[in-house]
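I opened the model to look up its sheet and the helices packed on it. My notes are below the picture.

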Amino acid sequence: MTTIPTVSLSSGGTMPALGLGTSGLQGPEGAAIVSQALADGYRLIDTAAQYNNETAVGAGLRDSGVARDEVVITSKVAGGSQGREATRTGVNESLRRLGVDYVDLMLIHWPNPSRGLATETWKTLLDIQSEGLVRTVGVSNFRPEQLAGLHQATGVWPAVNQIQLSPALARRDAVAFNAEHGIVTEAWGPLGTREGLLDQFVLRKIAAKHCTTPATVALHWGILQGYVVIPKSKNADRLRQNLSVTDIELDSEDLSAIATLDLGEDAAWDARTHEEW
Ligand code: A2P
């Protein structure tokens with residue numbers, strides 16, 4: 001079984017550098033994929049209240065027979081659950097649907113600035129963390145100035161910021177800000193499928209050179225940068241393929257070529273205006 005590298009969290013402990021994204025995986029099929037992924041060796045599963053699949057993720061975890069404390073479960077507070085009381089209710093509902101008594105990592109899903117509730121939500125998550133219902137707290141899709149707002153109000157930086165990130169959206173300023181403040185950068189959409197990354201000639205050429213696939217190169221690149229990557233797949237072969245990212249070694253020529261694939265910050269979803277509920 002492939003050994004998955006880990007990254008250190010500012011809050012203490014570590015998390016796997018590669019996990020399973022679950023957006024769109026639902027019902028019995030979703031549960032079976034989660035269970036299969038755990039049997040294959042995945043130890044990080046990323047869900048969200050908004051994905052409508054926490055029940056399936058919990059079922060997959062139980063069906064796998066893998067011990068609860070061997071798996072890092074991430075969930076996220078949905079836009080509609082921001083605010084003091086709503087966040088408490090939202091977290092409790094996530095725990096109930098997952099069928100667990102704690103979540104390893106709980107993130108604020110999107111900042112949703114039009115409501116102005118991110119700071120209150122962050123303060124509530126810190127309280128909930130101190131009560132033991134969540135081990136580590138972080139955010140998703142936060143821009144540097146939005147992260148700074150949370151820190152200014154509480155003196156605490158999120159341990160993790162999960163953002164849209166791949167060789168097609170390298171987000172240099174965002175990841176530099178995260179690194180400067182000890183925030184682990186986690187990449188959603190790490191295969192850049194929305195940007196057509198896997199069809200890029202440059203990536204295909206590097207994959208051919210290393211006798212591997214464009215997806216493996218993209219994921220390996222992310223891990224090499226120190227990011228956590230969470231590719232999603234409904235396909236058993238691709239689930240396993242995505243675990244084999246440590247079997248290749250990219251050289252400086254490859255990395256220079258990959259750098260040309262960056263479409264720039266403007267191509268990423270902008271959390272000042274993009275909101276999700
Ligand atoms: P599939 O489920 O058919 O494997 P996301 O960007 O949300 O992580 O989604 C990843 C997308 O890329 C999914 O649609 C998934 O489709 C596809 N995918 C996952 N792994 C691979 C792979 N190794 N090669 C090609 N496509 C992949």
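**Ground rules.** I worked on a predicted model, where local features need pLDDT of at least 70, side-chain atom pairs count only at pLDDT 80 or more, and totals for chains, interfaces and linings use all residues. Residues are numbered from 1 along each chain as its sequence is written, and side-chain values use heavy atoms, with hydrogens and water left out.

**Sheet.** I looked up the strand order first. I found 8 strands in an open, parallel sheet, in the order β3-β4-β5-β6-β7-β8-β9-β10. Strands here are DSSP runs of E, at least two residues; helices are runs of H or I, at least four; both are numbered from the N terminus. Two strands pair if DSSP finds at least two bridges between them. At the edges I noted β3 (20-21) and β10 (228-229), each pairing on one side only.

**Strand β9.** I checked its neighbours next. β8 (residues 160-164) and β9 (residues 184-188) pair in the parallel sense over 5 bridges. Within that pairing, Asn161 partners Thr185, and Ile163 partners Ala187. On the β10 side, β9 pairs in the parallel sense over 2 bridges. There Ala187 stands opposite Val229.

I then asked how many residues of β9 are buried. The count is 5 of the 5, so the strand is largely enclosed by the rest of the structure. Buried means under 20% relative accessible area (1.4 Å probe, protein chains only). Val184, Glu186 and Trp188 are buried on one side, Thr185 and Ala187 on the other. In a regular strand the side chains alternate between the two faces of the sheet.

**Crossover.** I recorded β8, α6 and β9 as a right-handed β-α-β unit. Right-handed means that, with the strands pointing away from the viewer, the path from the first strand over the helix to the second runs clockwise.

**Helix α5.** I listed the buried residues of α5 (residues 144-154): Gln146, Leu147 and Leu150. Down the helix axis they fall within an arc of 105 degrees, so they line one face of α5. The arc is taken from the directions from the helix axis to the C-beta atoms. Their cover includes α4, β7, β8 and α6 (172-180), by contact, meaning heavy atoms within 4.5 Å. After α5 comes Gly155, with a positive phi near 75 degrees.

Note on methods
Buried < 20%, exposed > 50% of the residue type's maximum accessible area, 1.4 Å probe, protein only.
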